[in-house]
Number of protein chains: 2
Amino acid sequence: MATTKIRPAARERVLATAYQLFCQHGIRAVGVDTIIEQSGVAKMTLYRHFASKDDLVLAVLDRREELWTQQWLQAEVSRRAERPADQLLAIFDVFDGWFRRRTFEGCLFINALIEIDDRKHPIHRKCRDQLANIRSFVASLAGDAGVVDPVAFARQWHILMKGSIVSAAEGDVDAALRAQEMGRLLLASLDIT
Amino acid sequence: MATTKIRPAARERVLATAYQLFCQHGIRAVGVDTIIEQSGVAKMTLYRHFASKDDLVLAVLDRREELWTQQWLQAEVSRRAERPADQLLAIFDVFDGWFRRRTFEGCLFINALIEIDDRKHPIHRKCRDQLANIRSFVASLAGDAGVVDPVAFARQWHILMKGSIVSAAEGDVDAALRAQEMGRLLLASLDIT
DNA sequence: CCTGTATGAGACAGACCTGTCTGTCGCACA
DNA sequence: TGTGCGACAGACAGGTCTGTCTCATACAGG
């Protein structure tokens with residue numbers, strides 16, 4: 001048996017701590033020593049489970065997609081609305097709650113993409129991939145809603161999403177509602193009701 | 001006399017080099033040693049003109065507002081269109097050229113804001129101020145165009161601007177046109193022609 | 001009980017970071 | 001010609017970063 005202890009396995013503690021710290025403060029701002037300390041793990045234990053800090057960052061990005069994109073955003077959107085067009089708009093209702101949290105941390109994919117500017121770096125590439133996955137989700141909703149060119153639509157919708165996230169990071173707690181209003185205009189212009 | 005040399009004064013060389021490097025790679029990614037080396041200046045010369053690296057960053061942000069916001073964005077917008085509503089839309093024509101440059105570097109204000117996440121840090125605050133100045137410019141155009149609530153309008157317009165910039169950083173060279181289309185819808189919904 | 005394995009604690013190396021200090025040089029001006 | 005100041009070069013201090021290594025310990029399975 002792997003571990004029947006009460007405290008989670010070491011790898012899991014490292015990953016959970018890194019997830020929280022990277023999301024909150026960014027990648028470069030958080031050193032491995034801080035992760036070590038806050039997860040109560042030995043340095044060698046971290047490096048036994050992850051080849052390098054970059055490797056840990058990649059694992060955190062995967063977890064972010066699981067927890068944020070899939071289990072939170074997509075799940076909440078499905079829960080809040082039935083019709084695809086309403087689900088598209090519901091994205092901004094979900095964002096609205098997010099922006100008003102005291103712990104609002106921004107989008108790790110955007111933040112890491114900007115922080116690691118080298119386009120060939122694995123972290124940069126993974127962020128791009130995961131942002132593309134979010135667009136795929138939007139495009140699939142748009143297709144179901146009857147949008148003629150769901151891929152182009154998703155790129156527009158994503159501009160509203162990312163713009164509102166940056167505005168929220170800047171301090172505008174109403175950013176989701178402002179973006180939603182423009183989303184309604186876009187849908188109306190395509191005769192999607 | 002200050003300096004009649006051919007090469008610009010030391011302070012200017014430091015500032016120009018730091019401007020280019022910070023815009024291209026970010027703040028944390030560029031060390032003072034790199035700035036020293038590329039500007040051909042002695043370390044003590046840098047620290048004679050700037051109290052600290054943070055102080056240099058603040059000076060670079062001021063220069064960014066001069067060169068990017070005022071002398072480039074605002075000037076180009078004025079040059080390209082006469083009527084306020086057209087000037088609002090022209091923002092995205094200017095962005096379109098920017099996004100297609102091989103040297104597209106993103107928005108230093110957004111990047112630094114995200115990189116320095118402490119809301120009380122002077123760099124973070126200055127970025128917020130300078131983004132607010134951009135909104136003031138948009139709000140002034142909107143007021144001239146007859147928009148009823150120019151401040152709220154500017155926040156929406158700015159969401160389109162920031163969203164398109166992040167999308168361009170992600171690799172979408174058509175992001176400005178996509179945002180412009182939504183801008184037209186927003187103006188039309190307010191009966192601004 | 002004994003052994004292997006994962007872990008905790010912490011020292012350590014080597015690189016890089018910001019910021020300080022000293023000494024020398026070159027140029028403008030008197 | 002001399003003087004003074006700004007700038008260049010580079011060593012240095014003190015801290016932080018990633019990543020490696022050693023050693024002691026706790027625990028599970030045979």
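## Chain A at a glance

Chain A has nine helices and zero strands. Helices are DSSP runs of H or I with at least four residues, strands are runs of E with at least two, and both are numbered from the N terminus. Along the sequence, the pattern reads α-α-α-α-α-α-α-α-α.

This is a predicted model, where local features need pLDDT of at least 70, side-chain atom pairs count only at pLDDT 80 or more, and totals for chains, interfaces and linings use all residues. Residues are numbered from 1 along each chain as its sequence is written, while chains are lettered from A and ligands numbered from 1 in the order in which they are written.

## Size and packing

The C-alpha atoms of chain A fill a box of roughly 60 × 35 × 30 Å along the principal axes. Of the 193 residues in chain A, 40% are buried. Buried means that 20 or more other C-beta atoms, placed from the backbone, lie within 10 Å of the residue's own.

Now take contacts, meaning pairs of residues whose C-beta atoms, placed from the backbone, lie within 7 Å. Among those in chain A between residues at least 6 apart in sequence, 58% join residues at least 24 apart.

## Two copies, one axis

## Where the chains meet

In this interface, 34 residues of chain B contact 34 residues of chain A. On the chain B side, helix 6 (108–115), helix 7 (122–145), helix 8 (150–170) and helix 9 (175–189) each give two or more residues. Helix 8 of chain B gives the most, twelve residues.

The copies meet through the same surface, because 100% of the interface residues of chain B are also interface residues in chain A.

## Around DNA strand D

There are 20 residues around DNA strand D, and the nearest are Gly31(A), Met44(A), Ser52(A), Lys53(A) and Ala42(B). Near means that the C-beta atom, placed from the backbone, lies within 6 Å of the strand.

Two or more residues each come from helix 2 (32–39) and helix 3 (43–49) of chain A, and from helix 1 (10–25) and helix 3 (43–49) of chain B. Helix 3 of chain B supplies the largest share, four residues.

Notes:
Contact = placed C-beta atoms within 7 Å. Buried ≥ 20, exposed ≤ 12 C-beta atoms within 10 Å, placed from the backbone.
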